Amino acid sequence: MILQTTTQQSALVTTIQVKEANLTVSEKFKTELFGLLDTGGKYIVVNFEQVTYVDSSFLGALVSALKHAITNKAEIVVAGLNKDILGLFQLIRLDKAFKIFDTIENAVADKAK
Amino acid sequence: MAATVSKQLTFNHTADELYPLVLEGVDFLQHGAGVAGDTLTKVKLVLMELLTNALKHSDGGKTEIELYLDPENITIKKNDTGNPLVVYSGGIKHEWPLPGNHQAGRTVCVYSWNGCNLSIALKNNCRAEFLVEETGPEQTDLLNLPEHFGLMIIARACSSFEYEFEIDTCKNEFTAVIPLAGSAINDKYD
């Protein structure tokens with residue numbers, strides 16, 4: 001399992017359990033995230049706190065899941081990005097596609113708004 | 001001529017090697033040549049994406065990465081004899097070497113989203129330059145968001161990013177240039 005998922009105030013908080021989020025795990029990540037959406041997840045916080053770096057393949061999987069979420073009338077947000085990963089999101093403008101939160105708590109609280 | 005410092009890395013296309021090789025290249029520039037900060041972050045991104053590209057598309061063999069440092073730029077070259085560059089534009093497949101000798105001056109758009117295009121300016125049927133084009137205004141139709149970001153990441157992190165297919169040897173060469181100072185965003189159309 002790439003993802004470890006808990007429920008916090010009706011949000012699903014799913015933590016990526018690898019340091020190197022790259023080509024070797026991107027397909028598994030995508031499958032597991034699709035699974036959360038297909039089993040009814042409507043607000044999913046993807047927690048990057050354990051991740052050191054991400055590559056384009058992993059970001060592609062995340063975007064694919066975002067599109068699946070939209071068609072399922074669900075939402076995916078991200079939290080816990082380190083400086084390099086946040087910079088990468090900004091570099092290719094994924095900060096315009098995802099809500100980005102500093103902490104899980106802030107991401108979960110945003111759902112209540 | 002200004003002095004150039006260089007290092008070569010060999011990638012045998014296993015996933016386990018990928019991140020350690022990125023760190024080896026970064027370490028060489030950081031501790032061996034004093035490169036730091038934002039520039040080093042860009043080097044890391046470019047190395048990671050070039051090696052990921054090799055892992056995905058280089059059909060066996062090995063990939064050589066060369067790092068060059070001169071007083072103005074860091075130049076990163078990736079060479080292999082694997083599969084040549086293939087891009088899709090408007091549903092049309094473009095595979096190098098491109099057919100015919102009439103390609104010079106053409107531009108192919110390979111990525112478009114949120115007021116930003118990644119285009120390939122063709123120099124001839126074997127040589128191409130990646131260009132980031134700010135088209136504006138921004139729009140965020142998420143269902144049209146591309147899912148392939150590798151070339152865009154490299155192009156945005158560099159001041160120059162080129163590809164060349166060498167017909168005689170079937171060698172693919174990507175060349176990425178990261179300036180040591182100033183903006184590194186590759187916006188040739190601005």
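## Reading contacts, core and crossing helices

Reader: How many residues of chain A are in contact with chain B?

Author: Two residues are in contact if their C-beta atoms, placed from the backbone, lie within 7 Å. Here, 23 residues of chain A are in contact with 25 residues of chain B. Keep in mind that this is a predicted model, where local features need pLDDT of at least 70, side-chain atom pairs count only at pLDDT 80 or more, and totals for chains, interfaces and linings use all residues. Residues are numbered from 1 along each chain as its sequence is written, with chains lettered from A and ligands numbered from 1 in the order in which they are written.

Reader: Which helix gives the most to the side of chain A that touches chain B?

Author: Helices (H or I, at least four residues) and strands (E, at least two) are DSSP runs, numbered from the N terminus. On that side of chain A, α1 (23–38), α2 (56–71) and α3 (83–91) each supply at least two residues, and α2(A) gives the most, with nine.

Reader: What is the largest nonpolar core like?

Author: A nonpolar core is a set of buried Ala, Val, Leu, Ile, Met, Phe, Trp, Tyr and Cys residues joined through C-beta atoms within 7 Å. Buried means 20 or more other C-beta atoms within 10 Å of a residue's own; exposed means 12 or fewer, and partly exposed is in between. The largest core here has 84 residues, and A:Val45, B:Leu47 and B:Ile154 are among those with the most contacts inside it. Helix α2 (residues 37–57) of chain B gives the most to this core, with nine residues.

Reader: How do the axes of α2(B) and α3(B) cross?

Author: Axes are lines fitted to C-alpha atoms, for helices over the stretch in contact, and angles run from 0 to 180 degrees between N-to-C directions. The axes of α2(B) and α3(B) (residues 150–157) come within 9 Å and cross at roughly 150°. Angles over 145 degrees count as roughly antiparallel, so α2(B) and α3(B) are roughly antiparallel to each other. Among the residues that meet there are B:Val46 and B:Leu50 in α2(B), and B:Ile154 in α3(B). B:Ile154 also touches B:Phe161 and B:Ala176.

Reader: Is A:Gly80 buried or exposed?

Author: A:Gly80 is in the loop between β6 (75–79) and α3 of chain A. A:Gly80 has 21 other C-beta atoms within 10 Å, so A:Gly80 is buried. A:Glu49 is 31 residues away in sequence but 4.6 Å away in space, C-alpha to C-alpha.

Methods
Angles under 35 degrees count as roughly parallel, over 145 as roughly antiparallel, 65 to 115 as roughly perpendicular and the rest as oblique. Lists of a residue's contacts leave out its neighbours within four places in sequence.
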